[in-house]
Amino acid sequence: MSARAAGDHVIVVDLGYGDAGKGSVVDWLCARPGRGSVLATRPRTVVRFNGGAQAAHNVITSDGRHHAFAQFGSGTFTPDVRTHLSRFVLVDPLALAAEAAHLASVGVGDALDRLTVDRDALITTPYHRLANQARERARGAARHGSCGMGIGETANYALEHPDDAPRVGDCAEPRRLTDRLALLRDWLMAEFDADARSSVPPVADVSATFAAFADRVRLVGSEHLSRLLHAGPAVFEGAQGVLLDEWHGFHPYTTWSTTTFANAETLLAEADQAGERLGVIRCYMTRHGPGPLVTEDPTLELPDPHNGWGPWQGSFRVGHFDAVAVRYAIEVAGGVDSIALTHLDVAGQHPLLICDGYVIDGQRIGRLAVGRDRDLVRQEQMTNLLLRARPVCHDPGSDWPAAVANALGSPVTVMSYGPTMGDKAAVTAPATRA
Amino acid sequence: MGSGRWSTDVYDAAARYRAATGTGAFAYTDTGATHVHPDLDPYGVTVRESRDSAEHPRSLAIAVLFDVTGSMRNVPRTLQAKLPQLLGLLLRKGYADDPQIMFGAIGDATCDRAPLQVGQFESDNRMDDDLSRILLEGGGGGQKTESYELAMYFMARRTATDCYAKRGKRGYLFLIGDEMAYPRVKRAEVGAVIGDGLQDDIPLADIVAELTRKWDTYYILPEGASYAGDAEVLRFWRGLLGQNVIELADLGAVTETIAVTVGLGEDAISLYDGLTDLDDVGSDAGPAVSRALATIGSGRGALISVALDDLDSPDGDGNIRL
């Protein structure tokens with residue numbers, strides 16, 4: 001197999017706060033026959049490279065089946081597409097079993113057979129989850145919009161105990177697994193409130209379930225991904241959104257995960273490969289729970305059947321297209337090759353605007369400068385400014401793709417007018433900056 | 001982002017994983033799978049290897065690929081149930097020292113979703129997992145041809161065996177089916193199914209010549225398949241493989257037939273010994289095997305001369321042969 005050039009693989013990243021429609025874009029990329037502006041050949045591998053089971057990438061098939069992809073790649077409805085969970089994913093074996101069961105109920109009986117998981121990936125356990133929920137309860141009204149899945153706790157525990165954090169490979173080694181789970185439970189017990197303490201499952205039971213996971217799912221070393229990438233094109237499916245990035249998002253309303261192209265590009269570089277950077281964004285902004293959403297407009301009555309109110313996240317909020325924030329996301333991500341613009345059907349039916357600048361304390365702002373890496377003090381200052389910002393908007397008229405391409409300075413190569421792959425189109429002559 | 005809509009109950013999850021651990025012979029097909037299992041997917045496979053190890057210093061590669069298209073009727077299910085006994089039979093009877101067995105399946109690349117399935121060479125019962133993962137698609141067209149040539153291409157170009165590379169000894173390949181191959185290995189199918197970029201199609205005779213240099217290749221036409229005993233099919237395969245074409249009257253004896261064929265080829269036994277062995281292990285397959293192997297047993301001189309011709313033929317891979 002020869003080395004592959006950039007463009008053989010594609011990295012799909014959400015340029016907003018999540019929910020841009022990555023799932024349906026990945027589904028479409030995996031399902032359609034080759035030839036197109038994004039990939040020359042149909043990809044048969046989806047690689048996850050951040051986040052964990054909190055993802056909810058909705059895919060609706062043309063015959064009406066629906067699945068919210070959390071850990072399986074959103075290309076799974078296509079029968080020969082496999083998923084690889086890289087070492088950057090926080091793997092939740094419990095949620096994975098439930099997700100596989102739901103996939104089976106919508107006609108995909110072999111999802112677990114098409115899955116490989118890197119042994120170095122961290123595992124999210126019920127203990128992380130209980131600690132996470134106890135902490136969010138303690139924050140009360142000041143909650144961060146966490147999903148309550150234990151993602152943050154998993155990442156945090158691993159930072160503080162890099163050698164003791166349970167990893168996927170441990171599931172195949174019962175003694176080590178039990179030791180690590182016991183350590184973890186004891187450490188987190190201190191964080192638990194009475195509510196959580198009453199529902200802590202015994203280590204032996206969690207351990208037995210994780211062992212069953214290791215028996216059923218194919219665990220692989222890091223060389224596996226390299227082999228997959230040399231065999232053919234892959235889609236790297238990002239979770240969450242760049243504006244939630246742990247270092248460049250609007251702290252503290254962020255996630256415990258690098259949501260840019262960075263992890264995917266690390267994996268590709270290890271295999272001596274490269275990928276095209278596709279940024280996905282809706283024609284309007286959405287956000288779960290609290291945090292800056294400058295263009296928020298509660299008078300917009302936009303339909304969204306799959307994003308209701310999550311008990312741990314707070315409400316689902318919407319606002320006009322925020323070109324300032326999306327340009328910031330693009331800059332944070334190190335640039336994009338092209339844009340997939342979704343929910344164009346909604347843009348046609350609602351009075352949506354494009355925000356091209358903010359007014360903050362009487363000052364006109366058109367660009368949010370990217371700060372140094374890992375400077376959360378600065379990010380928090382930015383958050384405070386944004387919470388005072390007022391949007392300056394205009395009506396883009398009917399040609400949304402051109403207007404967005406113009407506002408972002410990047411070509412729009414994929415347009416989506418609805419939830420199924422039949423509602424998507426690749427632009428052969430991309431809408432570009434005027 | 002979402003709201004954790006998948007249950008994270010630890011007991012549910014354990015039950016689900018255990019329920020989903022397929023241990024039955026037909027596990028994969030019976031999950032309702034519609035595509036080749038990833039472990040058996042030939043796409044992008046660099047090479048399937050049969051290698052020597054400290055435990056198995058003189059590995060002998062044995063591959064069994066069977067037709068899973070509709071014309072085979074219930075034969076593939078029987079094969080899935082019977083073939084797990086092959087390793088034990090070879091070892092118990094001393095027919096081969098360090099057998100490494102691979103199972104695979106053949107469909108029709110012109111219309112099937114799983115035109116080729118190939119497992120790994122294994123020295124223990126892990127190969128049975130591959131066997132249970134073979135998708136019995138039951139497709140194929142109605143023209144008495146299936147994509148055997150694609151399987152032969154894979155075996156010729158995408159396998160590497162120490163028995164051949166180190167000792168100049170061919171492995172054994174058994175193709176079980178009831179139809180003929182297509183006349184050419186098609187460039188487009190090789191690209192789509194295996195992922196190799198070929199310049200041109202390869203004529204069938206060329207790929208068979210390449211294949212038989214590395215693999216002592218047998219075709220088994222079993223009773224119970226649509227074209228059992230079909231003169232055209234038998235003539236076709238005899239034209240390609242000479243006397244290595246076996247008509248199998250009793251499908252229940254398929255494992256014994258393969259084992260005894262290997263034992264004969266390994267000079268471990270005479271046909272008489274093999275049949276006696278079968279009686280000893282309580283197999284009632286003796287007469288069927290005897291009939292099936294009659295030509296091979298009597299033609300062993302011819303087989304050896306084919307092997308010697310092969311040793312003299314230049315192959316350019318730089319290996320020193322015995």
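**Exercise 1. A pair of strands**

Which residue in β11(B) stands opposite Gly171(B)?

*Solution.* Step 1. In β11(B), the residue opposite Gly171(B) is Trp215(B). The model is a predicted one, in which local features need pLDDT of at least 70 and side-chain atom pairs count only at pLDDT 80 or more, while totals for chains, interfaces and linings use all residues. Residues are numbered from 1 along each chain as its sequence is written, chains are lettered from A and ligands numbered from 1 in the order of writing, and side-chain values use heavy atoms, without hydrogens and water.

Step 1. Strand β7 (residues 171-176) and strand β11 (residues 215-222), both of chain B, pair in the parallel sense through six bridges. Two strands pair if DSSP finds at least two bridges between them. Strands (E, at least two residues) and helices (H or I, at least four) are DSSP runs, numbered from the N terminus.

Step 2. A contact is defined by heavy atoms within 4.5 Å.

**Exercise 2. Strand β2 of chain B**

Why is strand β2 (residues 59-67) of chain B described as largely enclosed by the rest of the structure?

*Solution.* Step 1. A residue is buried under 20% relative accessible area, exposed over 50%, and partly exposed in between (1.4 Å probe, protein chains only).

Step 1. Nine of the nine residues of β2(B) are buried, and therefore the strand is largely enclosed.

Step 2. Both faces of β2(B) are covered: one side carries the buried residues Ser59(B), Ala61(B), Ala63(B), Leu65(B) and Asp67(B), and the other carries Leu60(B), Ile62(B), Val64(B) and Phe66(B), also buried.

**Exercise 3. Two packed helices**

Describe how helix α6 (residues 148-157) of chain B packs against α9(B).

*Solution.* Step 1. Two packed helices are described by the angle between their axes and the distance between the axes.

Step 1. For α6(B) and α9(B), the angle is about 40° and the axes are 9 Å apart. α6(B) is therefore oblique to α9(B), since angles under 35 degrees count as roughly parallel, over 145 as roughly antiparallel, 65 to 115 as roughly perpendicular and the rest as oblique.

Step 2. The crossing of the helices α6(B) and α9(B) is left-handed. The residues in contact include Met152(B) and Tyr153(B) of α6(B), and Ile207(B) and Leu211(B) of α9(B).

Step 3. Helix α9 of chain B also holds Asp206(B), which is partly exposed because its relative accessibility is 44%.

**Exercise 4. Backbone geometry in chain A**

Is Asp19(A) buried or exposed, and is Asp272(A) buried or exposed?

*Solution.* Step 1. Most residues other than glycine have a negative phi, and most peptide bonds are trans.

Step 1. Asp19(A), in the loop between β1 (9-14) and α1 (22-31) of chain A, has a positive phi near 70°. Asp19(A) is buried, at a relative accessible area of 8%.

Step 2. Asp272(A), in the loop between α9 and β11 (275-282) of chain A, has a positive phi of about 60°. Asp272(A) counts as exposed, because its relative accessibility is 60%.

Step 3. The peptide bond from His251(A) to Pro252(A) is cis, with omega near 5°. Pro252(A) belongs to the loop between β10 (234-237) and α9 (262-270) of chain A.

How values were computed. Axes fitted to C-alpha atoms, helices over the stretch in contact; angles between N-to-C directions. Left-handed = near helix turned anticlockwise from the far one by under 90°.
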